[in-house]
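Welcome! Take a look at the sequence and the model, and then let's go through them together, one question at a time.

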Amino acid sequence: MACITHSSVPGQLEKTLKQVRSKLLNQCIEETYTTEITERKQAHKDAIKSYTDTCSKKYKEDELLFENFQTCRNDIEHQSVLVKEKMNEMSRILLDMQDKEKQKDDLIASIQQLREEQARKKDLMIAQNKANKDRLKTLQKSAETFESRLRLEIRKPQAEQLQFVFRNINHKDLECPYTFILWLNAEGEYTVISCDPPLECMPQLEKKVRETNNFSAFLANVRKEFAALNL
């Protein structure tokens with residue numbers, strides 16, 4: 001064993017203390033660093049976990065929001081389709097109502113026109129009937145002139161009809177009747193509806209009296225034609 005002198009002890013002790021202090025300092029630094037690293041790692045893990053959780057939560061919220069948005073969008077599109085269908089239906093109904101309103105107006109106008117036409121026809125018929133009655137009265141008065149001279153008898157078998165009966169035509173039988181029935185039609189024209197005995201020229205005589213309105217001449221010509229049958 002080596003001999004230690006008193007002069008070397010303090011130096012050796014100081015060196016040892018330095019080594020111990022250095023070792024403790026390193027150990028302390030190492031422990032502090034390790035603890036700090038560990039704490040930082042844990043903090044980093046916690047931060048990453050928190051961030052991950054936040055991102056995951058945000059993702060789920062965004063995903064739910066997207067689903068809600070998609071659902072809302074689908075609902076809006078569906079509602080748009082329904083609204084469009086309703087608008088088309090309303091347009092069809094409106095057009096149908098307009099057509100029916102036009103048909104109604106046309107029908108009312110047609111009814112009014114028909115009423116006016118019927119009123120005109122009614123007034124015309126009333127006026128024509130009055131004119132026919134006046135003409136029949138005129139015929140009767142004209143015929144009365146011939147009745148005493150030519151033995152002409154006038155009868156009225158029906159309304160607006162006159163039967164003319166001639167006698168003193170057949171020299172062999174003065175009472176033998178020669179007749180024709182005259183009718184005034186809706187237009188106020190003379191129409192012979194029967195003649196006994198028949199005269200072939202009656203259509204011409206009928207046409208002439210329509211043109212001239214000379215009934216006295218018509219009666220004279222008819223009597224003349226009846227008389228010609230006995231020649």
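**Pairs, a patch and some backbone details**

Q: How many residues apart in helix α1 are Arg120 and Glu117?
A: Arg120 and Glu117 both belong to helix α1, where about one helical turn separates them. Helices here are DSSP runs of H or I with at least four residues, strands are E runs of at least two, and both are numbered from the N terminus. Counted along helix α1, the distance between Arg120 and Glu117 is three residues.

Q: What kind of model is this?
A: Residues are numbered from 1 along each chain as its sequence is written, and side-chain values use heavy atoms, with hydrogens and water left out. Local features need pLDDT of at least 70, side-chain atom pairs count only at pLDDT 80 or more, and totals for chains, interfaces and linings use all residues, since this is a predicted model.

Q: At what N to O distance do the side chains of Arg120 and Glu117 meet?
A: Side chains of opposite charge can pair when their charged atoms come close. A salt bridge is counted when a side-chain nitrogen of Lys or Arg is within 4 Å of a carboxyl oxygen of Asp or Glu. Arg120 and Glu117 form such a bridge, with an N to O distance of 2.4 Å.

Q: Is Lys102 buried or exposed?
A: Lys102 and Asp106 are salt-bridge partners at 3.1 Å, N to O, and both lie four residues apart in helix α1. Buried means under 20% relative accessible area, exposed over 50%, and partly exposed in between (1.4 Å probe, protein chains only). Asp106 has 39% and is partly exposed. Because its relative accessibility is 52%, Lys102 counts as exposed.

Q: How many residues apart in sequence are the parts tied together by Arg167 and Glu153?
A: The side chains of Arg167 and Glu153 meet in a salt bridge at 3.7 Å, N to O. Glu153 sits in strand β1 (residues 152-155) and Arg167 in the loop between β2 (161-166) and β3 (178-184), so the parts this pair ties together are apart in sequence by 14 residues.

Q: Which residues join Glu153 in one network of salt bridges?
A: Glu153 is partly exposed at 27%, whereas Arg167 is buried at 16%. Salt bridges with shared partners link Glu153 into one network with Arg155 and Arg167.

Q: How many salt bridges does the structure hold?
A: Among them are the Lys102 and Asp106 pair and the Arg120 and Glu117 pair. The total for the structure is eight.

Q: Which residues form a nonpolar patch with about 310 Å² of accessible area together?
A: Patch members have over 30% relative accessible area and no salt bridge; like charges are joined within 9 Å, and nonpolar side chains (Val, Leu, Ile, Met, Phe, Trp, Tyr) within 5 Å. Areas come from the Shrake-Rupley method with a 1.4 Å probe, and for residues only the protein chains shown count as cover. One member lies in helix α1 (residues 9-150) and is partly exposed at 38%. The nonpolar surface patch is made of Met90, Met97 and Ile93.

Q: Which peptide bond is cis, with omega near 0 degrees?
A: Most residues other than glycine have a negative phi, and most peptide bonds are trans. Pro197 lies in the loop between β4 (190-196) and α2 (202-212). The cis bond is the one from Asp196 to Pro197.

Q: What is the phi of Asn213 near?
A: Asn213 is in the loop between α2 and α3 (215-228), and is partly exposed at 45%. Phi is positive in this residue other than glycine, with a value near 60 degrees.
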